[in-house]
Amino acid sequence: MPNNIALIAKREYLEQVRGKAFKLTTILIPAIFICIFGVGYLAGKNSGNGKHLVVAAADPVLARQVKEKLLSDTDSHTTVDVASPASEADREQLIRRITSKQIDGFLWLEVKPGDTAPHGTYYSQSSGDFVTTSRLQSAVSHSIVQQRLAARGFQQTEIDSITKTADIETRQIDKNGNASTSNAMGTFWAAYIMAFLLSFTVILYGMNVGRSV
């Protein structure tokens, strides 16, 4: 009896493996998921690039500093204009410029009652552009620090030295102790995709074999 079950299971397994549908799903479905992950990665990587933005604030110095910080990221290919000093009428005009596709968005900076730091509001037609929002937040925070240091008597060269960000380079050590340049994000995505494909393949094979038996 056990031998008969083994023969039947082997026969059904071989029929499934040799079938065109099984081969097609084994290759096509993982390829589709790889394409999906690739498109998502490229879309996230290029998100926020090539935008036309406007920085609007009552303080012209702060607006110019935010603009300089945004333009320092040359990889973003961002065009930045300044509207300062800005009034409520300017805000309405900028909103109309967004709806007419003249600009992609604008950052409105204002100091609310009781606050010591400016409050920023980003207006755009894209609600999921977290890359641009992160860049704006970093630029505003950097500019506020520069203003506070300047108010305390620091020279511009000292301010630039204090607020300069550090570059982090990653290196991987092999079993022989040799160091080589590595890409942490690339390693993460490679491991993630491999783990997904392995799990998906095991589940797919198990379902087909179980269904055959």
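Guide: Ala86 sits in the loop that connects β2 (79–83) with α4 (88–99); helices (H or I, at least four residues) and strands (E, at least two) are DSSP runs, numbered from the N terminus. The model is predicted, so local features need pLDDT of at least 70 and side-chain atom pairs pLDDT 80 or more, whereas totals for chains, interfaces and linings use all residues. Residues are numbered from 1 along each chain as its sequence is written, and side-chain values use heavy atoms, leaving out hydrogens and water.

Ala86 counts as buried because its relative accessibility is 18%, buried being under 20% relative accessible area, exposed over 50% and partly exposed in between (1.4 Å probe, protein chains only). Leaving aside residues up to four places away in sequence, Ala86 touches Ala56, Ala57, Ala58 and Trp108, where contact means heavy atoms within 4.5 Å. Trp108 is 22 residues from Ala86 along the chain, with 8.7 Å between their C-alpha atoms.

Strand β1 (residues 52–57) pairs with β2 in the parallel sense over 5 bridges; two strands pair if DSSP finds at least two bridges between them. Within this pairing, Val54 has Asp81 of β2 as its bridge partner. An open sheet of 4 strands runs in the order β2-β1-β3-β4, with mixed pairing. Its edge strands, β2 and β4 (119–124), each pair on one side only. Helix α4 packs on the sheet, touching β1, β3 (105–110) and β4, and its direction makes about 165° with that of β3; axes are lines fitted to C-alpha atoms, for helices over the stretch in contact, and angles run from 0 to 180 degrees between N-to-C directions.
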